[in-house]
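Here is a short tour of one protein model, written for reading alongside the sequence and the 3D view.

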Amino acid sequence: MIIAVDGPAASGKGTIAKALARHYKLPHLDTGLLYRAVAATVHRLELDPAREADAVAACDFDELALADPVLRTDEIGQLASIVSAHPLVRASLLRRQQRFAHQPGGAVLDGRDIGTVIAPDANAKLFVKATPTVRARRRHAELQAHGSTLSFDKVLADIRARDARDSGRSAAPLVQATDAATLDTSFLSIDEAVSQAIALVEAARAR
Ligand SMILES: Nc1ncnc2c1ncn2[C@@H]1O[C@H](COP(=O)(O)OP(=O)(O)O)[C@@H](O)[C@H]1O
Ligand SMILES: Nc1ccn([C@@H]2O[C@H](COP(=O)(O)OP(=O)(O)O)[C@@H](O)[C@H]2O)c(=O)n1
């Protein structure tokens, strides 16, 4: 079974995707990490994230880079949404994600374009959302726990900027697949969100 979980920054999609992977005993891929690794490589090599050729050169990142905590920073998140808009960057990461999705037994993937581009054939598709303020509150708390001193207002502004870039780009924009179920986590605890996600997957499987 392939489960596609898409949604904007800090909507809770990663938390839900991990919990679904545990529940259904499936492997999980956080596809945002791939774009974050490209961004971190661009940053380290002092390349220009807005230049497609520079960003493509950074797609050949070291696998070990995926475990680097720097990938989780706000700055790398912003850079990730710049490099991810280049069609050739997306093309370079496409096959790896499609192979992961279509491995025997299935998989859970979370990102922006899983249900629309990576695995349009997914057995269950969730589109996870929450209000920008709720998402910024969650991300701010998460960043603070990792030692960041960024203000709430800056985190909210960055989330809005990333939403606009991710939804406005022409290559695989963040858009809900027509056959994806919506899960608004704004007023749900993590446990409630996970229970509802499992119920939505069961409903999709039964169709
Ligand atoms: N329903 C929820 N209620 C409260 N906090 C949540 C909820 N879902 C996720 N979180 C917290 O919000 C932060 C961002 O969640 P995450 O799943 O990483 O979002 P995303 O993958 O969409 O960026 C994490 O610290 C996570 O623990
Ligand atoms: N499938 C994906 C996943 C991430 N991304 C890009 O990578 C950035 C970082 O993604 P992420 O999932 O790690 O970000 P969060 O939602 O965790 O904040 C996003 O803002 C998108 O620009 C994408 O374009 N397609």
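Strand 1 and strand 3 (residues 107-111) run parallel and are joined by five bridges. Please keep in mind as you look around that this is a predicted model. Within this pairing, Ala-4 has Leu-109 of strand 3 as its bridge partner. Strand 1 also has strand 4 (residues 124-129) as a parallel neighbour, with four bridges between them. There, Val-5 stands opposite Leu-126.

| Partner of strand 1 | Direction | Bridges | Example pair |
|---|---|---|---|
| Strand 3 (residues 107-111) | parallel | five | Ala-4 and Leu-109 |

Is strand 1 buried or exposed? Strand 1, covering residues 2-6, is mostly covered, with five of its five residues buried. This holds for both of its faces: Ile-2, Ala-4 and Asp-6 are buried on one side, and Ile-3 and Val-5 on the other.

Now for the packing. The largest nonpolar core has 28 residues, and those touching the most other members are Ile-3, Val-5, Ile-16, Leu-109, Leu-126 and Ala-197. Two or more residues each come from strand 1, helix 1 (13-24), strand 3, helix 6 (114-118), strand 4 and helix 9 (190-206). Helix 9 gives the largest share of this core, five residues. Another core, of 16 residues, lies apart from the largest one and includes Leu-34, Val-38, Leu-79 and Val-89.

Stepping back to the whole chain, the protein has nine helices and five strands. From the N terminus, their order is β-α-β-α-α-α-α-β-α-β-α-α-β-α. The radius of gyration is 16 Å, close to the 17 Å that the globule rule gives for 207 residues, so the protein is as compact as a globular protein of that length. Along the principal axes, the C-alpha atoms fill a box of roughly 50 × 35 × 30 Å. Of the 207 residues, 42% are buried. Among contacts with a separation of 6 or more, 74% are between residues 24 or more positions apart.

Finally, a word from the records: an unreviewed UniProt entry lists residues 3-202 as "domain: Cytidylate kinase". Over that stretch the chain is 52% helix and 11% strand, with its end C-alpha atoms 11 Å apart.

Note on methods
Residues numbered from 1 in each chain as written. Chains lettered and ligands numbered in written order. Predicted model: local features only at pLDDT ≥ 70, side-chain atom pairs only at ≥ 80, totals over all residues. Buried ≥ 20, exposed ≤ 12 C-beta atoms within 10 Å, placed from the backbone. Pairing = 2+ DSSP bridges. Rg over C-alpha atoms; globule rule 2.2 N^0.38 Å. Contact = placed C-beta atoms within 7 Å. UniProt positions renumbered as here; feature names shortened; annotations may be inferred. Core = buried A, V, L, I, M, F, W, Y, C linked by C-beta atoms within 7 Å.
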